Amino acid sequence: MTRPLRSDAIRNRDKLLAAASHEFTAHGLDAPLEHIAKRAGVSIGTLYNHFPTRDDFFNALLPERIGPALDAIAAKAQAEDDPWRAFETYLFGIFALQVKDRGLNDAIAQRITLTPEVLEVCHRGQVHAELVIERAKAAGRLRPDFQPSDVTPLVLAMSEVIHRDPDGWQRFLAFYLDGLRVD
């Protein structure tokens, strides 16, 4: 049986989570743990006491950040009357999310090895993508040969575009979508 944390330990854990969230958002999931400890105002030993591995941070932060964000993007896409617009809305939403948060960009593109818990939440994005893809194909607005598995290479490519040129991703996506649209 584990003992409940003391109030100072709870405060330190909360400060570490807030610091990690900031560092991962600004610098990606490979942000130095020393920077997280410094931002939280605790020692690196305290960081490791609460989060022995980087994966422990990922499990504590990413599922609750990725899951609701993907669900909101999917809901916005599903609310679109036009199936093509729903497909565009979904993709633009995913990539806008990746631009705002380098850590989520790393996670969604699986730039680093993720834990099964985080991968499970990322999989929700694929389920949502399948729904908007099938709807656009059924309406004759999306190329019939486009498959849900084709989203993965697009996410990887867009992740790299976002990583190198966060201001140029919309132009790249527009070129890509022009090749998929059935008029």
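Is Asp178 buried, partly exposed or exposed? I looked it up in this predicted model: Asp178 has a relative accessible area of 48% and is partly exposed.

**Entry: the partner of Asp178.** I checked what the side chain meets. Asp178 forms a salt bridge with Arg181, at 3.0 Å from N to O. Arg181 is partly exposed too, with a relative accessible area of 26%.

Entry: I then found Glu88, whose side chain makes a salt bridge with Arg181 at 3.2 Å, N to O. This one links distant parts of the chain: Glu88 sits in helix H5 (residues 83-100), Arg181 in the segment after helix H9 (169-180), and 93 residues separate them. Glu88 has a relative accessible area of 13%, so I put it down as buried.

**Entry: the whole structure.** My search over everything gave 9 salt bridges. Among them I noted Arg143 with Asp145, at 2.7 Å from N to O. Arg143 is partly exposed at 34% relative accessibility, and Asp145 is partly exposed at 46%.

**Entry: Glu23.** Last, I went to helix H1 (residues 7-27), where Glu23 is found. Glu23 comes out at 6% relative accessibility, so it counts as buried. Its side chain has a polar contact of 3.0 Å with the side chain of Arg39. Setting aside neighbours within four places in sequence, I listed Gly28, Ala31, His35, Ile36 and Arg39 as the contacts of Glu23.

How values were computed
Residues numbered from 1 in each chain as written. Predicted model: local features only at pLDDT ≥ 70, side-chain atom pairs only at ≥ 80, totals over all residues. Heavy atoms only, no water. Helix = DSSP H or I, 4+ residues; strand = E, 2+ residues; numbered from the N terminus. Buried < 20%, exposed > 50% of the residue type's maximum accessible area, 1.4 Å probe, protein only. Polar contact = N/O pair within 3.5 Å; in protein donor to acceptor, adjacent residues only side chain to side chain. Contact = heavy atoms within 4.5 Å. Salt bridge = Lys/Arg side-chain N within 4 Å of Asp/Glu carboxyl O.
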